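Subject: Structure for you to look at

Dear colleague,

I am passing on the structure we spoke about, together with its sequence. Please open it first, and then read my notes alongside it.

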Amino acid sequence: MINRRHLLLASGAILIAAPAAAREAGKPATAAQRWGLLIDTGKCGAECTICVEACKAEMGLAGHDRPRTDAQYIRKVNVKDPATGAGHSVPVMCQHCAKPACVDVCPTGASMKRADGIVLVDRHICIGCRYCMMACPYKARSFAHEEQTGQQPHLPRGKGTVEGCTLCVHRIDEGRLPACAEACAAKAKGAMLFGDLNDPKSEIAQRVAREATTRIRADLGLEPAMRYQGI
Ligand code: SF4
């Protein structure tokens with residue numbers, strides 16, 4: 001378990017920042033942290049789906065051979081600039097918005113934002129109305145159409161409820177990295193840097209401060225915690 005700020009050396013020279021500390025049992029999350037990812041699309045290959053596969057394994061998303069509706073918390077979107085022909089592969093998941101549209105429209109409070117900015121769905125409260133799916137401009141949420149099998153203890157799932165990326169909150173609270181970022185560092189090119197955007201000493205905050213980054217559809221004003229480079 002990680003109990004202090006440090007860097008993990010993985011896959012040769014790739015460095016990924018780890019969370020500062022595990023959250024103490026019984027202590028609530030606080031606004032002192034703002035967890036996010038910085039994704040360098042220049043390191044993200046169009047054919048690489050390591051982050052997607054890691055997410056599926058971590059969350060027990062087996063699928064039902066219905067690609068259009070099967071739950072997928074992270075997906076690779078391959079885009080091309082029509083003017084230049086330049087292509088980019090962009091991992092897209094819940095953006096953990098500071099002003100989440102999903103939370104605004106949820107009639108029951110099932111869609112909620114933790115104090116540290118992580119946006120979650122409480123499936124015990126979700127009534128499956130799917131307003132959040134319509135409100136989310138990032139297509140970040142899925143609907144469970146079938147009975148769920150092979151569930152992971154950290155992710156209760158239920159037929160007729162909405163689900164989405166939790167930023168691996170169960171891992172973050174233990175001082176670990178999200179599964180996608182960990183797998184990308186270990187098996188691909190380390191395109192995902194995870195950390196605390198509120199901590200000026202963190203690698204992610206320092207890179208965001210000194211390098212050009214963008215947020216997808218920043219014009220919508222939802223203030224996502226996911227930042228991208230190279231697009
Ligand atoms: S990306 Fe969509 S689901 Fe995630 S917090 Fe933003 S509005 Fe909500």
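What follows is a short account of a strand, the salt bridges, the ligand shell and a surface patch.

Please keep in mind that this is a predicted model.

I began with strand S3, which spans residues 35-40 and is largely enclosed by the rest of the structure, because 6 of its 6 residues are buried. Trp35, Leu37 and Ile39 point one way from S3, while Gly36, Leu38 and Asp40 point the other way, and all are buried. S3 is joined by 5 bridges to strand S10 (residues 192-196), the two running antiparallel, and within this pairing Ile39 stands opposite Met192. With strand S11 (residues 226-229) S3 runs parallel, joined by 4 bridges, and here Asp40 stands opposite Gln229.

Asp173 is buried, at a relative accessible area of 19%, whereas Arg23 is partly exposed, at 31%.

A second salt bridge joins Arg123 to Glu163, with the closest N and O atoms 3.7 Å apart. Arg123 lies in the loop between strand S7 and H3, and Glu163 in strand S9, so the pair ties together parts that are 40 residues apart in sequence. Arg123 is buried, with a relative accessible area of 15%, and Glu163 counts as buried at 1%.

Arg171 counts as buried at 5% relative accessibility, while Glu182 is partly exposed at 35%. Salt bridges that share partners also join Arg23, Arg114, Asp116 and Asp173 into one network.

Turning to the ligand, the residues around it include Cys94, His96, Cys97, Cys102, Cys136, Tyr138 and Arg141, and the shell divides into 9 nonpolar, 2 polar and 1 charged.

Finally, on the surface, Val105, Tyr131 and Met134 form a nonpolar patch with about 310 Å² of accessible area together. Tyr131 lies in helix H3 (residues 131-135) and is partly exposed, with a relative accessible area of 43%.

With best wishes

Terms used
Residues are numbered from 1 along each chain as its sequence is written. This is a predicted model: local features need pLDDT of at least 70, side-chain atom pairs count only at pLDDT 80 or more; totals for chains, interfaces and linings use all residues. Side-chain values use heavy atoms; hydrogens and water are left out. A residue is near a molecule or strand if one of its heavy atoms lies within 4 Å of it. Ala, Val, Leu, Ile, Met, Phe, Trp, Tyr, Cys and Pro count as nonpolar, Asp, Glu, Lys and Arg as charged, and the others, Gly among them, as polar. Patches are made of residues with over 30% relative accessible area and no salt bridge: like charges are joined within 9 Å, nonpolar side chains (Val, Leu, Ile, Met, Phe, Trp, Tyr) within 5 Å. Accessible areas come from the Shrake-Rupley method with a 1.4 Å probe; for residues, only the protein chains shown count as cover. A salt bridge is a side-chain nitrogen of Lys or Arg within 4 Å of a carboxyl oxygen of Asp or Glu. Buried means under 20% relative accessible area, exposed over 50%, partly exposed in between (1.4 Å probe, protein chains only). Two strands pair if DSSP finds at least two bridges between them.
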